[in-house]
Amino acid sequence: MKHIDSIAHVRGESQYVSDLPRPEGMLYAAVFGSPVAHGRIRKLDISAAKALEGVVAVLTAADIPGDNQIGPLIPDELPLAEEEVHFIGQPVALVIADSPEIARKAAGMIILEHQALPVITDPREAYRKGEIIGNPRTFRLGDVEQAWGQCDVIVEGQCDLGGQEQLYLETQGCRAIPEEGGRMKLYSSTQSPYAVQRTAAKVLGLANHRVEVDVKRLGGGFGGKEDQATPWACLAALGAWKTGAPVELILSRHDDLKMTGKRHPYSSDFKIGLSKEGKILAYRVSHYQNAGASADLSPAILERTLFHSTNAYFIPNVEIFAVSCRTNLPPNTAFRGFGGPQGMFVIEAALAKAAEKMGLPREELQRKNLLREGDEFPYGQRAERVQIGTAWSILKEKYLPSIRQRVDQYNAAHRAVKKGYAVMPICFGISFTATFLNQGSALVHVYTDGSVSITTGGVEMGQGISTKIADIAARALGIREERIRVESTNTSRIANMSPSAASATADLCGGATLKAIDQILERLYAAARKELNLDKKAPCQIRDEQLLCNGKPTGWDWRKLVEATYFSRVSLSAHAFYATPGIHFDKSAEKGHPFAYHVYGAAIFEVTLDGLRGTYRIDSVKIVHDLARPLNRVIDLGQIEGGLAQGMGWMTVEDLQYDAQGRLLSNGLASYKAPEVYFMPDDLETTLLEDHENRFGPYGSKAVGEPPLMYGIGLFFAIREAMKAFRPGREYGFRVPMTPERVLLELYGDESQAAVVKNRFAATREV
Ligand code: MTE
Ligand code: HPA
Ligand code: MOS
């Protein structure tokens, strides 16, 4: 089955927040954001904005009836600034007007007078100055200090990873509609309806039950709306509360880029020690996370960096240090992988440097250290049902020899253009690292005409959760998918839901859906057994909409079964709750069993690099990915390819730039390049490992959303290999993204202009 929304999407019929029919008298909001990255507010002049015709209200922190506080983990974030501003674009005032144009124009007329305070944009500088969020954390296994002495090879280095813009097509936005009895209804583009509900309620000073949040679908989230949809929903709600009219706040692309947080840039130091046979004996890494101006989800993201710092390798002696550093950038936030990719990049860099020193192919070192059954992760969990060996062998047998040979032959025959390849294994833990979030609910109604309505806490953001829920339900009920409707996500139908994140939504909400359906099936079967005078224990099932009991047809179809149950006055609705079993984590010991399971896989990249221009082409990507029993092949392949595209974009072309004053330079789609269709290789092949069932996923499936992003890391190393083939003997760094500009800097950077020209000419002549 294809994506449930695909037809409506293609016809342009799918509705996002701003497509909903406009209620009478709706007003529009625009945000005035701080023009400076750090300062004390001296005066905020809203008089000109207020006087503009068509402006209904200009609201500031003083207008907030409840708490002016929205920090999700630490109370350090204000919906509207009070005394200080901490990043450019930080909301300071909200203009409500008759049209979005007037609101924006008025916002542009607000003047903020400030006293400048020092601006920090670099995480290491923040760390030195004691600007940290939460406590630094260290994961340890074995004893690194003692292990260095046994190493034959030790290398050290530094990695600098850029951030990444989520670039959802639908920008942040919310429509707030005041309802009778002092209630507020919010249509928000959020991955976390409950976070919007409880935070808006807090800002308005209301009980949660007076705020209802409804989410039909998002035009993409990618983590950017896990938490950062909340501020805009709170502001829309504030506007509606103060004016008594419906208010819509939709960020322009420009404001969205400027005001919202992105993937965290990291700067990390590593030291790795190996035996001469290539076994990693010790690994030490320190991660400095650029959190931006407030905590947002940074401590949770930092935690996942800690968890994934050894990627798919077993290392007996490990010390992982990580600290979240406060800077004057927009609060950085969730992005597919949630800190995992940053941790994984560094071990790959360490292995690359070690391989260079040892004169071995990088993949030899990778292979020798892959996780095996029962190996201990630095956080105490042991690896179970490890699929990385299988994925690696398939890749090795199917692709590696021919790619190696092709690259060698090509490089022997070409001077200025070189090929490179790299293998990238992944191991990604599935479960929210905050154990309590691993819960999901579902509400299932069967109507007397046999149609079915399902609400879960899962938010559709393009990843296909609605399709998967429909798939699961149709399979469990034994009926056609057309009978099933997956409803909008709504806080009045499902309470206290976790965000749709951590790739876990199908596991959690799918698990809950199965439990709700089980309850309904039990009731349907009991009613049928009674009506048909069958034994109370007679086994029943529905197959192709026909009821079978004792393995034999009963002559009843789905509709008859539903009607009969209804007439016997038995409920055709059920609510169910699912909580992932067996997971726990002790933060004081930094040990536990945080993940229900891991997703494994490996990819191989082949690239061609033009050493004169710095440009490169991705020739092929071959992936072997472990999904256990895929829930929906088409959607899962889409997730794998989409995740890969984002990972590759992060590694290469997505160049997020701030100046020293904290101003976003890549502030539009003309200066921030994202991968598009031509960037993707024509030759992209995915093999699914389907050799086992996962106990923790519906119908034996595994989560798919985030892990494939991390394959993208391999592209960096493939390009690096091509650079090494072009100019061997140079030291290449680990700076991400590897844009064509960066390639040239790495190839020629420390040379004089004349030498660069000479070198280029030399290479050209050889061509
Ligand atoms: N796919 C699409 N099309 N759009 C998205 O916003 N978000 C990703 C991933 N795939 C996203 C996506 C992220 S960050 C996560 S955590 C998962 O989907 C969330 O959905 P899931 O839990 O259903 O996998
Ligand atoms: N992943 C994604 N989002 C989260 C997590 C996580 O592990 N923990 C809290 N929010
Ligand atoms: Mo995904 S970063 O967990 O929303």
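**Entry 1: ground rules**

I count two strands as paired if DSSP finds at least two bridges between them. Helices (H or I, at least four residues) and strands (E, at least two) are DSSP runs, and I number them from the N terminus. The model is predicted, so I keep to its limits: local features need pLDDT of at least 70, side-chain atom pairs count only at pLDDT 80 or more, and totals for chains, interfaces and linings use all residues. Residues are numbered from 1 along each chain as its sequence is written, chains are lettered from A and ligands numbered from 1 in the order in which they are written, and side-chain values use heavy atoms, with hydrogens and water left out.

**Entry 2: strand S2 and its partners**

I began with strand S2, residues 39–45. Two bridges join S2 to strand S4 (residues 84–85), and the two run antiparallel. Here I found Arg40 opposite Glu84 of S4. S2 also pairs with strand S6 (residues 111–116), again in the antiparallel sense, over six bridges. In that pairing Ile41 faces His114 of S6.

**Entry 3**

Next I followed strand S9 (residues 173–179) into strand S10 (residues 183–188), an antiparallel pair with six bridges. Ala176 has Leu186 of S10 opposite. Three residues lie between the strands of this hairpin, and Gly181 has a positive phi near 70°. On to strand S11 (residues 211–215), which pairs with S10 in the parallel sense over four bridges. Leu186 turns up again, standing opposite Val213 in S11. Between S10 and S11 the chain passes through helix H6 (residues 193–204), a right-handed β-α-β crossover. Right-handed means that, with the strands pointing away from the viewer, the path from the first strand over the helix to the second runs clockwise.

**Entry 3: a six-stranded sheet**

I wrote down the strand order of an open sheet with mixed pairing: S7-S15-S14-S13-S8-S30. Which strands stand at the edges? They are S7 (132–141) and S30 (735–736); each has a single partner strand, so one side of each is left without a neighbour in the sheet. S30 pairs with strand S8 (residues 153–161) in the parallel sense, over two bridges. Asp160 stands opposite Arg735 of S30.

**Entry 4: two hairpins in a row**

Strand S21 (residues 540–543) and strand S22 (residues 546–549) run antiparallel, joined by four bridges. Cys540 stands opposite Cys549 in S22. The hairpin has two residues between the strands, and Asp544 takes a positive phi near 50°. S22 then pairs with strand S23 (residues 552–557), antiparallel over three bridges. Leu548 has Pro553 of S23 as its bridge partner. This hairpin has two residues between its strands as well, and Asn550 in the turn shows a positive phi of about 50°.

**Entry 5: cysteines**

How many disulfides does the structure hold? I found zero (a disulfide is a pair of cysteine sulfur atoms within 2.5 Å). For Cys234, the nearest cysteine sulfur is that of Cys174, 8.6 Å away. Is Cys234 buried or exposed? Cys234 is buried, with a relative accessible area of 1%. By my cut-offs, buried means under 20% relative accessible area, exposed over 50%, and partly exposed in between (1.4 Å probe, protein chains only). Cys549 is buried too, at 4%.

I checked the length of helix H15 (residues 505–531). Just after H15, Asn533 has a positive phi of about 55°.

In helix H10 (residues 340–358) I looked up Gln342. Gln342 is buried, with a relative accessible area of 1%. Its contacts (heavy atoms within 4.5 Å) include Arg263, His287 and Trp650, leaving out residues up to four places away in sequence.

**Entry 6: the nonpolar cores**

A nonpolar core is a set of buried Ala, Val, Leu, Ile, Met, Phe, Trp, Tyr and Cys residues joined through side-chain atoms within 4.5 Å. The largest one has 116 residues, and Ile272, Phe345 and Phe605 have the most contacts inside it. H10 gives the most to this core, with 11 residues. Ile272 touches, among others, Trp148, Tyr283 and Leu351. Apart from this core lies another, of 40 residues, including Ala57, Leu94, Val215 and Leu251.

Terms used
The expected span of a helix is 1.5 Å times one less than its number of residues.
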